[in-house]
Amino acid sequence: MDERDVSAGDGRTLHVYDRGTGSRVVLWHHGTPNIGTPPRPLFATADRLGVRLIGYDRPGYGGSSPLPGRDIASAARDAATVADALGIGTFAVLGHSGGGPHALACAALLPGRVTAVASISGLAPFSEEWDWFGGMGPSGVATLRAARAGRTVAGSDVDFTAADRAALDGEWGWFGEVVRPALANGPEPQIADDRAYVNPWGFDPATITVPVLLAHGADDRVVPAAHAGHVHPAAERWITPGAGHISVLPATATRVLEWLAGLST
């Protein structure tokens, strides 16, 4: 894994991760709270497919400078900056959980550069026209309602299912490597993420013209599967019975990367 800092062009620094030399490039968008190193459980699949996995720490996380008042749309500019610094023209985008909306931003706002987008366990834009909080566990509801009200609250509990906790005992225990350093800078990056999720995103994901895949666990209590129905009218949707927020990854992540790789040239 090559790591480097690149200039965002506005006085900020972005900390970047680059793994592999394949001709197909997939840019990973991390969840909340994580840092941006691409998932180690996908390395073998990426090597088989000839995929170069890249990622970066969102503002305030890890080695990246904060960006006060950031919205979801700001990820497109940062992603383009990272790709330019690495000499990459076109790429696919993949996000998990809170990374899903940021991946969608790239697909919507970087026409001609993003070839396809996949969001796993990702949020839909906040809306009061449907039950956005329906099926969400109590910790998530409390944290995101607080963010909506502008309060500085960062939740410490996570509404994982038993299947999620079992998945964390396997190879997706990798999350432990990216959560701990994400929390090292304090709660502000997580609070900034939560506020961005429940306020206007700065773009409409329904305008995305490249292929969209939304993968979700039917039993997800962190981001309920109903969110997959409120993102993009033509999206391909994979809903996995019995899977939750994390346990959907061993069930589908390899197939998601295969789907992206097939559309990234």
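Biologist: How close do the axes of helix α4 and α7 come, and at what angle do they cross?

Modeller: This is a predicted model, in which local features need pLDDT of at least 70, side-chain atom pairs count only at pLDDT 80 or more, and totals for chains, interfaces and linings use all residues. Residues are numbered from 1 along each chain as its sequence is written, and side-chain values use heavy atoms, with hydrogens and water left out. Helices (H or I, at least four residues) and strands (E, at least two) are DSSP runs, numbered from the N terminus. Axes are lines fitted to C-alpha atoms, for helices over the stretch in contact, with angles from 0 to 180 degrees between N-to-C directions. Here, the axes of α4 (residues 138-148) and α7 approach within 8 Å, crossing at roughly 75°. That makes α4 roughly perpendicular to α7; the term covers 65 to 115 degrees.

Biologist: Which residues of α4 and α7 meet?

Modeller: Contact means heavy atoms within 4.5 Å. From α4, Thr143, Leu144, Ala147 and Arg148 meet Asp194, Arg195, Tyr197 and Val198 of α7. The residues of this contact comprise 4 nonpolar, 1 polar and 3 charged.

Biologist: How many salt bridges does a search of the whole structure find?

Modeller: A salt bridge is a side-chain nitrogen of Lys or Arg within 4 Å of a carboxyl oxygen of Asp or Glu. The search of the whole structure finds 11 salt bridges. One of them joins Arg58 and Asp193, at 2.9 Å from N to O. This pair links distant parts of the chain: Arg58 lies in the loop between β4 (51-56) and α2 (74-85), and Asp193 in helix α7 (residues 188-198), 135 residues apart.

Biologist: Are Arg58 and Asp193 buried or exposed?

Modeller: Buried means under 20% relative accessible area, exposed over 50%, and partly exposed in between, with a 1.4 Å probe and protein chains only. Both Arg58 and Asp193 are buried.

Biologist: Which residue forms a salt bridge with Asp47?

Modeller: Arg19 does, with 2.9 Å between N and O. Arg19 belongs to strand β2 (residues 13-19) and Asp47 to helix α1 (residues 43-49), 28 residues apart. Arg19 is buried, because its relative accessible area is 18%, whereas Asp47 is partly exposed, at 46%.

Biologist: Which residues are linked in a network of salt bridges?

Modeller: Asp10, Arg12, Arg77 and Asp78 form such a network.

Conventions:
Parallel < 35°, antiparallel > 145°, perpendicular 65-115°, else oblique. Nonpolar A, V, L, I, M, F, W, Y, C, P; charged D, E, K, R; others polar.
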